[in-house]
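Dear colleague,

I am handing over the structure we spoke about, and my notes on it follow below. Please read them with the coordinates open beside you.

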Amino acid sequence: MATDTAADTGTTTTNEPLHVDGEAQLDDVVAEHDVVLTDFYADWCGPCQMLEPIVETLAAETDATVAKVDVDANQQLAAAYGVRGVPTLVLFADGERVEEVVGLKAEGEFRALIESYTE
């Protein structure tokens with residue numbers, strides 16, 4: 001089980017998305033960071049592939065930590081969060097689930113959403 005990516009992050013944000021494997025690891029990431037944007041995606045999903053560069057930019061340029069969850073490898077985790085379609089992005093602030101966005105949106109919309117919780 002891959003836990004090395006989230007173990008060393010502390011309370012600072014990361015400049016690239018963290019790949020999460022399992023509910024325990026996602027819980028740890030959410031607990032360790034103030035604002036976490038979680039991208040539930042699938043490799044076969046066209047809109048997810050189009051969203052990938054936006055997610056990477058948000059990880060590098062915003063105060064949010066970005067987590068990525070492969071729904072095919074983590075079906076129970078996706079079900080636990082009610083993910084019915086991909087891409088689904090769930091925003092956590094201060095350990096609480098505060099927003100959910102389904103589908104492909106513009107980078108500016110995601111950036112504004114993150115900034116509403118980081119400023």
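Predicted model: local features only at pLDDT ≥ 70, side-chain atom pairs only at ≥ 80, totals over all residues.

The structure holds one disulfide, and the link of Cys-45 and Cys-48 is right-handed, with 80 degrees about the S-S bond. Because buried means under 20% relative accessible area, Cys-45 counts as buried at 3%, and Cys-48 is likewise buried at 5%.

As for the fold, the protein chain has five helices and five strands, which follow one another along the sequence in the pattern α-β-α-β-α-β-α-β-β-α. Of its 119 residues, 45% count as buried, while the accessible surface of the protein chain comes to about 6,100 Å², with 47% of that belonging to carbon and sulfur atoms. Among contacts between residues at least 6 apart in sequence, 64% join residues at least 24 apart.

The last helix I looked into is α5, whose twelve residues (107-118) reach 16 Å from the first C-alpha to the last, close to the 16 Å expected at 1.5 Å a residue. Phe-110, Arg-111, Leu-113 and Ile-114 are buried in α5, and they lie on the same side of the helix because they cover an arc of only 160 degrees around its axis. The buried residues of α5 pack against the strands β2 (35-41), β4 (88-93) and β5 (96-102), and also against helix α3 (46-61).

With kind regards

Technical notes
Residues numbered from 1 in each chain as written. Heavy atoms only, no water. Helix = DSSP H or I, 4+ residues; strand = E, 2+ residues; numbered from the N terminus. Buried < 20%, exposed > 50% of the residue type's maximum accessible area, 1.4 Å probe, protein only. Contact = heavy atoms within 4.5 Å. Areas by Shrake-Rupley, 256 points an atom, 1.4 Å probe, with all protein chains shown as cover. Expected span 1.5 Å × (residues − 1). Arc of directions from axis to C-beta. Disulfide = S-S within 2.5 Å.
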